[in-house]
Amino acid sequence: MIKVKFFKNGNGDIYCFEVLDHGESIVCAGVSALTFNTINSIDKFTSCNFSTEIIEDDGRIVFMCQSLKNGKKDDKVTLLLNSFELGLQGILEEYGKDIELKYEEV
């Protein structure tokens, strides 16, 4: 099962996500495409200073935008992260037994 955890700041904006346990199913392919497209879009279309960590041993990808974590507003990054979340919610509706979404507010 793929597990995605979103971290939200005090404003309710996503500033970090972690994707775990990639498999080889169509769900994994969809989640991977959404994940990398989101990261690449933030890199290309925004000035967000972010970090990513990819740990191949356990299929983990961690993305964090430090300025959003600190409560700074960035409408472009927020839009792209909300779009990522929406895409994953669509996958969850169709393939609920293969993906889990969790949230943590900091």
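In these legends a residue counts as buried when its relative accessible area is under 20%, and the structure shown throughout is a predicted model.

**View 1. Phe17, a buried residue of strand S2.** Phe17 has a relative accessible area of 0%, which places this residue in the buried class because the value is under 20%. Within the sheet, Phe17 stands opposite Phe63 in S4, where strands S2 and S4 pair in the antiparallel sense over four bridges.

**View 2. Aromatic pairs around Phe17.** The count of aromatic pairs in the model comes to six. In one of them, the rings of Phe17 and Phe63 have their centres 5.2 Å apart and their planes at 15 degrees, so this pair is stacked. Since Phe17 lies in strand S2 (residues 14-20) and Phe63 in strand S4, the pair ties together parts of the chain that are 46 residues apart in sequence. The rings of Phe17 and Phe84 have their centres 4.5 Å apart, with planes at 40 degrees, so that pair is tilted. This second pair also links distant parts of the chain, with Phe17 in strand S2 and Phe84 in helix H3 (residues 75-94), 67 residues apart. Phe84 has a relative accessible area of 1% and is therefore buried. Phe6, Phe17, Phe50, Phe63, Phe84 and Tyr103 form one aromatic cluster.

View 3. The five strands follow the order S3-S4-S2-S1-S5 in an open sheet whose pairing is mixed. At its edges are S3 and strand S5 (99-105), each of which pairs on one side only. Neighbouring strands of the sheet are turned by 10 degrees against each other on average, with direction ignored. Helix H3 packs on this sheet, touching strand S1 (2-8), S2, S4 and S5, and the direction of H3 makes about 140 degrees with that of S5.

**View 4. The hairpin of strands S3 and S4.** Strand S3 (residues 50-55) and strand S4 (residues 60-65) pair in the antiparallel sense over six bridges. The two strands form a hairpin with four residues between them, and Gly59, which lies in the turn, has a positive phi of about 65 degrees. In this pairing, Ile55 stands opposite Arg60 in S4.

**View 5. Helix H1 and its buried residues.** Helix H1 (residues 26-45) has 20 residues and reaches 28 Å from its first C-alpha to its last, close to the 28 Å expected at 1.5 Å a residue. The buried residues of H1 are Val27, Cys28, Val31, Ser32, Thr35, Thr38, Ile39, Ser41 and Ile42. In an α-helix there are 3.6 residues a turn, so residues three or four places apart point the same way. The buried residues of H1 pack against S1, S2, S3, S4, H3 and S5.

**View 6. Cysteines without a disulfide.** The count of disulfides in the model comes to zero. The sulfur of Cys16 has its closest cysteine sulfur in Cys65, at 9.9 Å, which is too far for a bond because the sulfur atoms of a disulfide have to be within 2.5 Å. Cys16 counts as buried, at 6% relative accessibility, and Cys48 is likewise buried, with a relative accessible area of 10%.

Notes. Residues are numbered from 1 along each chain as its sequence is written. This is a predicted model: local features need pLDDT of at least 70, side-chain atom pairs count only at pLDDT 80 or more; totals for chains, interfaces and linings use all residues. Side-chain values use heavy atoms; hydrogens and water are left out. Two strands pair if DSSP finds at least two bridges between them. Rings of Phe, Tyr and Trp (its six-membered ring) pair if their centres lie within 6.5 Å; planes under 30 degrees apart count as stacked, over 60 as edge-to-face and the rest as tilted. Buried means under 20% relative accessible area, exposed over 50%, partly exposed in between (1.4 Å probe, protein chains only). Axes are lines fitted to C-alpha atoms, for helices over the stretch in contact, and angles run from 0 to 180 degrees between N-to-C directions. Contact means heavy atoms within 4.5 Å. The expected span of a helix is 1.5 Å times one less than its number of residues.
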